Amino acid sequence: MNNTRTPLIVGNWKMNGTLESIQSLLTGIKTDTETLNNIQIAVCPPAIFIPYTKDMLAKTKIAWGGQDLSEHAKGAYTGEISGPMLQEYNCRYVIVGHSERRMYQQESNELVAQKFAAAIKANIIPIFCVGETLQQREDGITEQVVGKQVDAVIEHDSCALLGQGVIAYEPVWAIGTGHTATPEQAQEVHAFIRERIAKYDKKIAESIKILYGGSMKPDNAAELLAQSDIDGGLIGGASLKSADFVAICNRANAQAAV
Ligand code: PGA
């Protein structure tokens, strides 16, 4: 973790929760992170729970966001949600290009770049996910894949636009599997991403936050967050239990204080 980039811990709830369960989850997070001043915290609930989350988190430092948005601002796109709609509910963030969407909704690098631009246009910070599959890692093409994903946004949008977002490196083989990347494996790709961006703009490479995601838990968070190019976490499974999510926030907060 680097002192000039305030660490960010984001909960990605995916398609989980009921009104009852998120009430207790949010109450726990709200109460137990009140004194953490060294980090930023956000949760990304399913879209239908965003209004409720907004009410629950009003007057706290915790931000909220969407898990996806349309590349269009409005129109005949049944089932989609636009950036301006998320903005009406004061979403500070929106996840774009999560590997589950790349996989199940066939989202291409090009579409993800369009969604990234749509988020910025709506004044929402995109959390732009990149990462390789197990096969790609075994084939030795991790850097090629991740480099291409990063380049897609820079080429479609611009490096300056990329700099307004947050990147999340999430090796697909580590998501929801319990097989987290080792701190060294993660750091290697994070450093690679920063170097890749530096080819376009050194300042942006230095200032952009790069979160790690993929089975981050209370017992491995400290080691991961200690890496110089890891600026926080995008947490799936462990963000559904307030004690676990808060424990990760506590570790990030303690490290940021050093
Ligand atoms: P996980 O999910 O923490 O459950 O591995 C991370 C993510 O998909 O963002």
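A pocket is an open set of points, on a 1 Å grid over the protein atoms alone, where a 1.4 Å probe fits, with protein on both sides within 12 Å along at least five of seven lines; its lining residues have an atom within 4 Å of a point. A volume is the space filled by probe spheres set on the points, which are joined across faces, edges and corners.

This is a predicted model, in which local features need pLDDT of at least 70 and side-chain atom pairs count only at pLDDT 80 or more, while totals for linings use all residues. Residues are numbered from 1 along each chain, and side-chain values use heavy atoms, without hydrogens and water.

The largest pocket holds about 480 Å³ of space. Its lining has 20 residues, and K14, Q67, D68, R101 and Q105 lie nearest the centre. The second largest pocket holds about 260 Å³. Among the 17 residues that line this second pocket, R102, G131, Q136, V145 and Q149 are the closest to its centre.

The ligand has 13 residues around it (each with a heavy atom within 4 Å), of which K14, H98, E170, G176 and S215 come nearest.

| Residue | Polar atom | Distance to a ligand oxygen |
|---|---|---|
| E170 | side chain | 2.7 Å |
| G236 | backbone | 2.9 Å |
| G237 | backbone | 2.8 Å |

The protein covers 97% of the 280 Å² of accessible area (Shrake-Rupley method, 1.4 Å probe) that the ligand has on its own.

Definitions and conventions:
A polar contact is a pair of N or O atoms within 3.5 Å; within protein, one must be able to donate a hydrogen and the other to accept it, and residues adjacent in sequence count only if both atoms are side-chain atoms.
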